[in-house]
Amino acid sequence: MMGPDELYQGVQTLASLIRENLSDAPVAIVGIRSRGDEVAERLCHELASEEDREVDFGVLDISLYRDDYGHLTSNPKLEGSDLSFDVEGAHIILVDDVLFTGRTIRAALDALADYGRPGKVELAVLIDRGHRELPIQPDYVGIKLETERKDHVLVKLENTDGEDSVEIVKAS
Amino acid sequence: MSVARKDLLDIESLSREDIDSILEQASPFKELFTRSVKKVPALKGKSVLMLFYEPSTRTLSSFEVAAKRLSADVTNFDVPHSSVVKGESIQDTIATLQAMRTDYIVVRHQMPGLPAMLSRMTQASVINAGDGAHAHPTQALLDAFTLKEVFPDQVNKRVLIVGDVLHSRVARSTSTLFKKLGVEVAFLGPGSLVPEYCAPEIPRFTSYEDAMKWKPDVVYLLRVQMERQKAQFFPSLREYHQLFGITSERLKQLSDAGVYIMHPGPVNRGVELCHEVMEYERSLINQQVENGIAARMAALYYLKPQTGTLT
């Protein structure tokens with residue numbers, strides 16, 4: 001179980017890792033709905049506040065790009081993407097709250113490609129809980145969590161859920 | 001989470017949750033149309049069968065574009081050239097379709113209730129694209145989506161539906177949905193086409209001037225169905241235009257009052273409306289066509305066929 005302090009620290013870690021790596025070239029932070037967008041917002045705020053850096057911001061809804069559409073009993077609610085900058089040639093940092101199997105990131109890469117051909121795409125995750133099912137690895141990790149494959153990692157974020165917390169629910 | 005809906009047969013059977021979900025999701029689908037790649041892989045590997053027993057260009061191609069933008073495979077069951085002409089019964093046709101393992105069937109037929117019958121015989125999702133004078137639910141959904149774009153809070157807005165209410169599945173579905181959404185609806189038309197027994201709770205007018213005193217926000221013109229003219233429900237098209245059509249003069253009045261115009265298409269120019277209406281700044285007719293694709297994508301995405309799910 002983690003609370004607001006650990007999550008704040010996680011975002012700080014992410015921000016400083018990204019900062020170390022950034023050149024002066026423009027960068028776009030793109031959060032994956034839902035909750036990845038809120039992490040991206042915080043990250044954007046951190047990156048834009050310390051230097052006079054222009055950071056583009058975008059939100060990606062990957063519902064239409066999932067690989068398990070036919071297996072779901074009810075469809076994921078579609079909220080739409082919002083990428084107001086030009087994806088063509090851009091340096092994009094994809095942001096999600098939890099990295100697990102890697103399937104969401106696969107879907108996000110496909111979705112991005114339909115907006116244009118980015119110059120470079122990196123991946124930043126607040127929490128890496130392991131157990132990948134695809135050859136996808138993050139470039140930046142805020143918090144590393146040891147989990148079992150069947151555990152549930154429940155992330156709550158202030159704007160989406162009313163509080164900041166992470167809970168690992170053990171599979172029974 | 002509610003139980004997934006398999007079919008879209010009429011407006012009456014939809015819950016408020018169904019309606020809100022489809023209408024809300026139509027917007028993100030419409031946003032896709034501005035991308036250079038308008039297609040998404042959501043229904044990749046799924047098949048959609050178009051089963052049209054009545055002529056249609058607009059609805060058929062709207063569904064076709066919607067399905068293709070969702071990456072589904074689309075097959076047109078070409079009825080005029082099919083074995084239906086050779087005397088195959090609808091049951092046998094359905095058995096054939098069942099063997100094709102299609103995931104969605106979009107059906108239009110002159111017989112009311114045929115899509116409902118079909119839906120009970122197949123695991124595929126059945127979408128009613130018009131059955132006789134009964135229902136045309138995707139038309140109603142695209143109309144409601146269009147109305148919501150103009151009036152985000154559509155409650156208590158007034159829509160005057162003009163024309164052949166008696167024979168119109170559009171009037172039936174659209175007025176039912178509008179009323180479910182809190183929109184006020186009234187009918188205008190010759191007494192022969194807007195009979196009292198149609199929907200006694202809906203105000204009806206037989207004179208254009210009286211209807212205007214009701215102060216509608218939108219005038220929704222129904223298509224005059226030329227194919228029904230044999231039965232003589234009104235004396236002449238010219239007279240219909242003079243009495244119930246949007247003439248140049250009436251267009252000026254509507255413009256001054258800020259009234260919007262809708263029409264499900266195809267338009268009979270010089271009958272329901274004059275040429276100038278097509279350029280009228282508050283004509284929503286072209287927007288309805290574009291929204292038709294988005295609303296149908298939302299409907300296809302919302303429904304859940306019972307075919308071949310693994311879990």
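Predicted model: local features only at pLDDT ≥ 70, side-chain atom pairs only at ≥ 80, totals over all residues.
Residues are numbered from 1 along each chain as its sequence is written, and chains are lettered from A and ligands numbered from 1 in the order in which they are written.

Domains of chain B. I looked up the division, whose bounds come from an automatic or database domain assignment, and found domain 1 (16-135 + 290-302) and domain 2 (137-288). Across the boundary, 20 residues of domain 1 of chain B are in contact with 19 residues of domain 2 of chain B. On the domain 1 side, α10(B) gives the most, with 7 residues; helices (H or I, at least four residues) and strands (E, at least two) are DSSP runs, numbered from the N terminus.

Sheet of chain B. I followed 4 strands through an open, parallel sheet in the order β2-β1-β3-β4, taking two strands as paired if DSSP finds at least two bridges between them. Because β2 (73-77) and β4 (125-131) of chain B stand at the edges, each with a single partner strand, one side of each lacks a neighbour in the sheet. I then checked strand β1 (residues 47-52) of chain B, which 5 bridges join to the parallel β2(B), and noted that B:Val48 has B:Val74 as its bridge partner in β2(B).

Terms used:
Contact = placed C-beta atoms within 7 Å.
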